[in-house]
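Visitor: Hi! I'm new to this one and would like a friendly walk through it. Could we look at it together?

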Amino acid sequence: LIHFYKRYHSKMYINLHLYNDPTKVTTVTLRDLSKTMKVADLQKRIEEECGISISLQKLIHKGKILSGAQEETLFHYNINYNETIQVHKRAILGEISTNKDNKENPRS
């Protein structure tokens, strides 16, 4: 029982690759996590530390989209120490058309 507790409750860290902008990727390390942490709690941490609201986050680990809808944990998705999760910021339709218009018709 003690071995189980140490293995799944010990502190770990993961790397995030943030895809906020299509032209660059930012790497951020989150520390003091555990395998029993819920994905929803991870999303809250990402919102606090990276400024991407939960509703705009799309988390991917080893090709799987992470969902916190049913209280899944990092253990559920087999996320281990020092692994990477991709964080894609979902685009808002107004932002897409506005950015496209600005590139096609730059102001002088």
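Visitor: Let me start with a detail: which backbone oxygen lies 3.1 Å from a polar atom of the side chain of Gln-57?

Guide: The backbone oxygen of Gln-43 does. Keep in mind as we go that this is a predicted model.

Visitor: Where does Gln-57 lie, and is Gln-57 buried or exposed?

Guide: Gln-57 lies in strand S3. Gln-57 counts as buried because its relative accessibility is 3%, and buried means under 20%.

Visitor: What is Gln-57 in contact with, leaving aside neighbours within four places in sequence?

Guide: With those neighbours set aside, Gln-57 is in contact with Gln-43, Ile-46, Glu-47, Ile-52, His-88 and Arg-90.

Visitor: And the strand around it, how many residues of S3 are buried?

Guide: Four of the five residues are buried, so strand S3, residues 57-61, is mostly covered.

Visitor: Which strands does S3 pair with?

Guide: There are two to look at. S3 runs antiparallel to strand S5, residues 84-89, and four bridges join them.

Visitor: What sits between the strands in the hairpin of S3 and S4?

Guide: Two residues do, and in this hairpin Lys-62 takes a positive phi near 50°.

Visitor: Let's zoom out. In what order do the strands of the sheet come?

Guide: The order is S2-S1-S5-S3-S4, giving an open sheet of five strands with mixed pairing. S2 and S4 are the edge strands, each pairing on one side only. Helix H2 packs on this sheet and touches S1, S2, S3 and S5. The direction of H2 makes about 120° with that of S2.

Visitor: Now the core. How many residues are in the largest nonpolar core, and which touch the most other members?

Guide: The largest nonpolar core has 20 residues, and those touching the most other members are Ile-14, Leu-16, Leu-42, Ile-46, Leu-59, Ile-79 and Ile-85. At least two core residues come from each of S1 (12-21), S2, H2 (39-50) and S5. As a general background point, nonpolar side chains tend to be buried together in soluble globular proteins.

Visitor: Pick one of those. What does Leu-42 touch beyond its neighbours within four places in sequence?

Guide: Leu-42 is in contact with Ile-14, Leu-30, Leu-33, Met-37, Leu-59, Leu-74 and Ile-85, once those neighbours are left aside.

Visitor: Switching topic: where is Val-28, and how exposed is it?

Guide: Val-28 lies in strand S2, residues 24-33. Its relative accessible area is 21%, so Val-28 counts as partly exposed; the cut-off for buried is under 20%. Leaving aside neighbours within four places in sequence, the contacts of Val-28 are with Ile-14, Asn-15, Leu-16, Leu-18 and Cys-50.

Visitor: How far apart are Val-28 and Ile-46?

Guide: They are 18 residues apart in sequence and 9.7 Å apart in space, C-alpha to C-alpha.

Visitor: Last one: which residues other than glycine have a positive phi near or about 60°?

Guide: Asp-32 has a positive phi of about 60°, and phi of Asn-82 is near 60°. Asp-32 is in strand S2 and counts as exposed, at 54% relative accessibility. Asn-82 is found in the loop between S4 and S5 and is partly exposed, with a relative accessible area of 43%.

Definitions and conventions. Residues numbered from 1 in each chain as written. Predicted model: local features only at pLDDT ≥ 70, side-chain atom pairs only at ≥ 80, totals over all residues. Heavy atoms only, no water. Buried < 20%, exposed > 50% of the residue type's maximum accessible area, 1.4 Å probe, protein only. Contact = heavy atoms within 4.5 Å. Pairing = 2+ DSSP bridges. Polar contact = N/O pair within 3.5 Å; in protein donor to acceptor, adjacent residues only side chain to side chain. Core = buried A, V, L, I, M, F, W, Y, C linked by side-chain atoms within 4.5 Å. Axes fitted to C-alpha atoms, helices over the stretch in contact; angles between N-to-C directions.
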